[in-house]
Amino acid sequence: MNPFHGPPEWEQPAGRHTPLTDPVLTVRQITRLGFVPRRLTRIDHALVFATPSGGYRTSLPPIRPTRAEIISKRYTAVYEVDMGVHPVRARLALPSRNDALQFDSVIELSWQVGDPAVFVASRHRDVPRLLLGELERAARDVTRRFAITSSTQAEAEVLRAVQARGPLGAQAGLLVTWTMRLHRDQDNIEHERRMQRIDHDAVEKVHKERRAMALDFETTHRALAYGEQQQALLLQKQKWRTELQDAELAKVDFYQRQLEQGGVRAWALHLAEHPEDSRLVMQSLRQDQLSMIRAKADMVTQLLNSDNVEGYELEGPKNLALRALHDILNHQLPADETGRGAPAPRLPLSAEWPDEPEATVPGPQVPEPRQQPATAAPAHEQDVYLPKDVP
């Protein structure tokens, strides 16, 4: 059974979770015998009653008037008002200093009916349009003072201007919370992004070139340092090679001088460098001196027994042979392995040579060769012991 005697004058068939623009859901005329049943109104809906004098009385949920109160106060109509919270997201195009360019603003707000009687008396039926209109009227005069590139400053000024006008929807009994973000239009944003991309590419290119130059400089510096090190090393090697060659030449000169001064001095040098070779040095000296004595003795024998030369030609060589024989007989040999050595008898230098008949040679008189002055024997060849086995 229908609790009301007639259909409602206004009914909005909006579901609970559908977007709502008008919070007044139903409007009904109340007859003298009519009543409002409590079980047909939701708990979050308010009832606004119209009085005969044109006023409005609000019955907030969950309070519901009785039938006696409705009859006694002679209410003529009842409005069922939704008091829930409703979100709204919208976009507005606001003019800039240049009419060809517009700011693009994004608005997010949420509203609900704070005073149902005031809202019913305001006669508004599209709450989002009411609130967006107030924002647009407050923002248009502000954004016209800014260029399209000054969106940050324009947004700050718009926020201050809207807040100075008072709370949004207060005259219609609404409670509103809102935010606004102001930015350039899409074409300007894309242009700015292209310019930013160009700047980024240029900066990246410059950075790459700088890094390449730094790398080249570092590589060149390292190559130069490496080249200098190599050159210094080559010079040092060349210096060492030269010093080594000089040392070798000095060593060659030293050994050449030592060898030129005689075998005994050379063996003495070897013995100074290698003391462990003393036995070998002594044996070698002994063999060298024996060989020298035999060679001299053979030379004297061959010279005395020769018949191919004239007598006067043998005067000088005979004296030299006698002196060589004297040196041989007086030469001192090194001691043997036992360290023993008997001194040989020294022969006087004035030993006489047996007389020989002079050979007569026809022809002009040949001058007698000049006799060479006697020379003293070397110091190392004066006192020589003749071994028993030497003929």
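This note goes through the fold, the pairings and a few backbone details of a predicted model.

1. **Basis.** The model is predicted: local features need pLDDT of at least 70, side-chain atom pairs count only at pLDDT 80 or more, and totals for chains, interfaces and linings use all residues. Residues are numbered from 1 along each chain as its sequence is written, and side-chain values use heavy atoms, with hydrogens and water left out.

2. **Overall content.** The chain holds eight helices and eight strands. Both are DSSP runs numbered from the N terminus: helices are H or I with at least four residues, strands are E with at least two. Of the 391 residues, 28% count as buried. Buried means under 20% relative accessible area, exposed means over 50%, and partly exposed lies in between (1.4 Å probe, protein chains only).

3. **Surface and contacts.** The chain exposes about 27300 Å². Carbon and sulfur atoms supply 54% of that area. Accessible areas come from the Shrake-Rupley method with a 1.4 Å probe; for residues, only the protein chains shown count as cover. Take the contacts (heavy atoms within 4.5 Å). Among those between residues at least 6 apart in sequence, 66% join residues at least 24 apart.

4. **Strand β2.** Residues 24-29 form β2, and five of these six residues are buried, so the strand is largely enclosed by the rest of the structure. Its pairing with β5 (residues 77-82) is antiparallel, over five bridges. Two strands pair if DSSP finds at least two bridges between them. Within this pair, T26 has E80 as its bridge partner.

5. **The β3-β4 hairpin.** β3 (residues 45-50) and β4 run antiparallel, joined by four bridges. V48 stands opposite T58 of β4. Five residues lie between the strands of this hairpin, and G54 takes a positive phi near 95 degrees there.

6. **The three-strand sheet.** The order is β6-β7-β8, the sheet is open and the pairing is antiparallel. β6 (86-95) and β8 (174-183) stand at the edges with a single partner strand each, so one side of each lacks a neighbour in the sheet. The twist averages 20 degrees from one strand to the next. Angles run from 0 to 180 degrees between N-to-C directions, and axes are lines fitted to C-alpha atoms, for helices over the stretch in contact. β7 (residues 102-113) pairs with β8 over ten bridges. V113 stands opposite L174 in β8.

7. **Helices on the sheet.** α3 packs on the sheet and touches β6, β7 and β8; its direction makes about 30 degrees with that of β6. α4 also packs on the sheet, touching β7 and β8, and its direction makes about 165 degrees with that of β8.

8. **The α3-α4 pair.** α3 (residues 127-143) and α4 (residues 151-164) pack at about 135 degrees, with axes 9 Å apart. The two are therefore oblique to each other. Here under 35 degrees is roughly parallel, over 145 roughly antiparallel, 65 to 115 roughly perpendicular, and the rest oblique. From α3 the contact uses L135, A138, A139, V142 and T143; from α4 it uses A154, E157, V158, A161 and V162.

9. **T143.** This residue of α3 is buried, with a relative accessible area of 0%. Setting aside neighbours within four places in sequence, T143 is in contact with L94, P95, S96, R97, F103, V158 and L182.

10. **R181.** R181 sits in strand β8. At 41% relative accessibility, R181 counts as partly exposed. Not counting residues up to four places away in sequence, R181 touches R89, D104, S105, V106, E108 and E155. E108 is 73 residues from R181 along the chain, yet their C-alpha atoms are separated by 8.9 Å.

11. **Backbone points to check.** Most residues other than glycine have a negative phi, and most peptide bonds are trans. A cis peptide bond joins P61 and P62, with omega about 10 degrees. P62 is in the loop between β4 (56-59) and α1 (67-73). R74 has a positive phi of about 55 degrees. R74 lies in the loop between α1 and β5 and is exposed, with a relative accessible area of 57%. R123 has a positive phi near 65 degrees. Its place is in the loop between α2 (116-122) and α3.
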